[in-house]
Amino acid sequence: MLKLNLLYLIFFLMTQLTPAILAQETHEDESKVPDYQLPDPLITSDGNKVTSAQMWQEVRRPEILQQFAEQMYGKFPEGSVTTSYQMMNTRTDALNGKATRKEVRLWFSNGTDSTYMDLLVYIPNEAPEPVPAFLGLSFYGNHTISPESDIILSEKWMPEQADFGIENHRATEASRSVRVNRWPVEKIIDRGYALATAYYGDLDPDYAGDDKNGIQPLFYKERQTQPEKDEWGSIGAWAWGLQKAMDYLETDGQINPAQVAVLGHSRIGKAALWAGASDERFAMVISNDSGCGGAALSRRRFGETVKVINTAFPHWFNENFKQYNNNEDALPFDQHELIALIAPRPVYIASASQDLWADPKGEFLGGLHASLVYELFGHEGLAATEMPPADQPVASGYIGYHLRTGKHDLTEYDWERYMDFADQHFGKGSKDN
Ligand code: GTR
């Protein structure tokens with residue numbers, strides 16, 4: 001008993017003190033940003049200058065992609081995991097008749113074990129089909145993002161959150177619709193877009209120290225108990241799930257698979273960027289407050305740093321990434337090159353003024369320094385060289401950016417900008433504008 005109490009005390013102190021210790025190591029003070037030199041996306045690993053879009057696509061892009069996979073997000077493992085689709089529910093009268101709503105269960109199986117991800121899809125009834133779509137994962141499940149109360153209640157593990165009706169790590173009826181503020185479903189439908197979403201914990205529950213849950217074990221080779229040093233962590237698993245959702249959308253018929261924008265907030269924004277960088281089927285990528293390990297430059301060491309993120313969330317990136325703790329200058333890349341991997345497809349990066357932990361300026365610079373790759377394709381990247389004032393989006397080029405006034409969140413203001421950007425690039429006039 002005494003031993004158990006002692007263990008509990010150690011655990012308690014670690015969880016309480018670690019963030020405090022880490023916070024002391026960080027700063028949110030522009031004058032403390034060190035001098036740094038960013039790797040040049042347009043110099044190949046054997047020192048040649050990239051001079052054309054073709055050379056970028058054929059030589060340089062694959063090099064950078066491989067480095068991000070091996071050194072940071074982890075390689076997607078090869079293996080014979082198959083996917084099958086089970087249509088759980090369909091309604092054509094969702095949202096008072098405005099939308100068709102489908103719940104599709106994607107079963108992943110290696111022949112012995114299986115697991116699933118529930119994809120919730122809303123499609124506008126009045127827009128000409130096939131429609132463009134937004135695809136993104138949520139933090140608390142499909143039943144939280146919609147005002148409708150007949151959506152499958154997730155049975156998967158969730159982080160405790162009393163305010164959201166989560167008890168013993170499971171959602172309850174009280175969890176329904178608690179996240180509608182982040183998902184303006186009806187507005188998205190009114191503007192002629194479909195929305196597809198799934199719970200990120202269906203792919204990998206977001207906690208460290210257990211390598212037996214989520215989808216990774218389906219890929220383990222005999223006697224393997226955890227991903228290899230260069231294989232995927234949780235962010236890789238979430239990105240993989242987005243790719244599987246895309247596989248489904250390609251078969252749906254009501255959705256235009258050539259116009260799918262992948263979007264994510266915060267840690268899921270990191271996953272959306274990685275999904276869009278590694279899978280060229282995503283026609284647009286949207287990073288909302290993705291910060292460290294997302295759109296923000298690591299070498300600035302402003303707010304959250306590589307060491308801090310790897311310590312607080314050791315399961316997000318691969319093992320190799322830990323060698324860059326307090327060693328950012330040794331990274332073979334920086335996050336501007338993650339954004340460059342998305343070129344020439346449009347990408348939108350958003351920050352929030354009070355979200356200094358995510359380093360808004362570092363996120364802006366991530367976009368700015370990706371611009372020269374867009375220019376190779378004859379596109380303007382970010383249409384500003386200085387960070388714009390709050391609430392003044394810069395979105396005329398292929399890299400959009402805004403700094404929203406307020407805190408770390410995904411708001412209606414953000415969504416409106418993303419829909420404007422999608423209107424612009426998907427060439428659609430929505431019904432009401
Ligand atoms: C924070 C983490 C960030 C960001 C955020 C979130 O604790 O430090 O990197 O991912 O969580 O996902 O809300």
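## A tour of the pockets and cavities

This structure holds three cavities of 30 Å³ or more. A cavity, on a 1 Å grid over the protein atoms alone, is a set of points where a 1.4 Å probe fits but cannot get out. You're looking at a predicted model, where local features need pLDDT of at least 70, side-chain atom pairs count only at pLDDT 80 or more, and totals for chains, interfaces and linings use all residues. Residues are numbered from 1 along each chain as its sequence is written, and side-chain values use heavy atoms, leaving out hydrogens and water.

**Stop 1: the largest cavity.** Select Leu137, Ser138, Phe139, Arg182 and Trp183, which lie nearest the centre of the largest cavity among its 13 lining residues (those with an atom within 4 Å of a point). About 90 Å³ of space lies in there, a volume being the space filled by probe spheres set on grid points joined across faces, edges and corners. Now colour strands S4 (131-138) and S6 (255-265): these are the elements that give two or more residues to the lining. Strands are DSSP runs (E, at least two residues), numbered from the N terminus. Which strand gives the largest share? That's S6, with three residues.

**Stop 2: the second largest cavity.** Pick Cys292, Ala296, Leu297, Phe302 and Glu304, the residues nearest the centre of the second largest cavity. This one holds about 70 Å³ of space.

**Stop 3: the largest pocket.** Next, select Phe139, Asp206, Arg267, Phe313 and Trp316, nearest the centre of the largest pocket, which has 26 lining residues. A pocket is an open set of points with protein on both sides within 12 Å along at least five of seven lines. The volume of the largest pocket is about 520 Å³.

**Stop 4: the ligand.** Stay put, as the ligand sits in the largest pocket (more than half of its atoms lie within 2 Å of the pocket's grid points). Show what is around the ligand (a heavy atom within 4 Å): Phe139, Ser266, Arg267, Lys270, Glu304, Ile309, Phe313, Trp316, Trp357 and His408.

- serine 266, at 2.7 Å
- lysine 270, at 2.9 Å
- histidine 408, at 3.2 Å

Taken alone, the ligand exposes 320 Å², and the protein buries 79% of that (accessible areas come from the Shrake-Rupley method with a 1.4 Å probe).

**Stop 5: the second largest pocket.** Finally, head for the second largest pocket, with a volume of about 300 Å³. Of its 23 lining residues, Asp211, Pro227, Gly233, Pro314 and His315 are closest to the centre.

Methods
A polar contact is a pair of N or O atoms within 3.5 Å; within protein, one must be able to donate a hydrogen and the other to accept it, and residues adjacent in sequence count only if both atoms are side-chain atoms. Helices (H or I, at least four residues) and strands (E, at least two) are DSSP runs, numbered from the N terminus.
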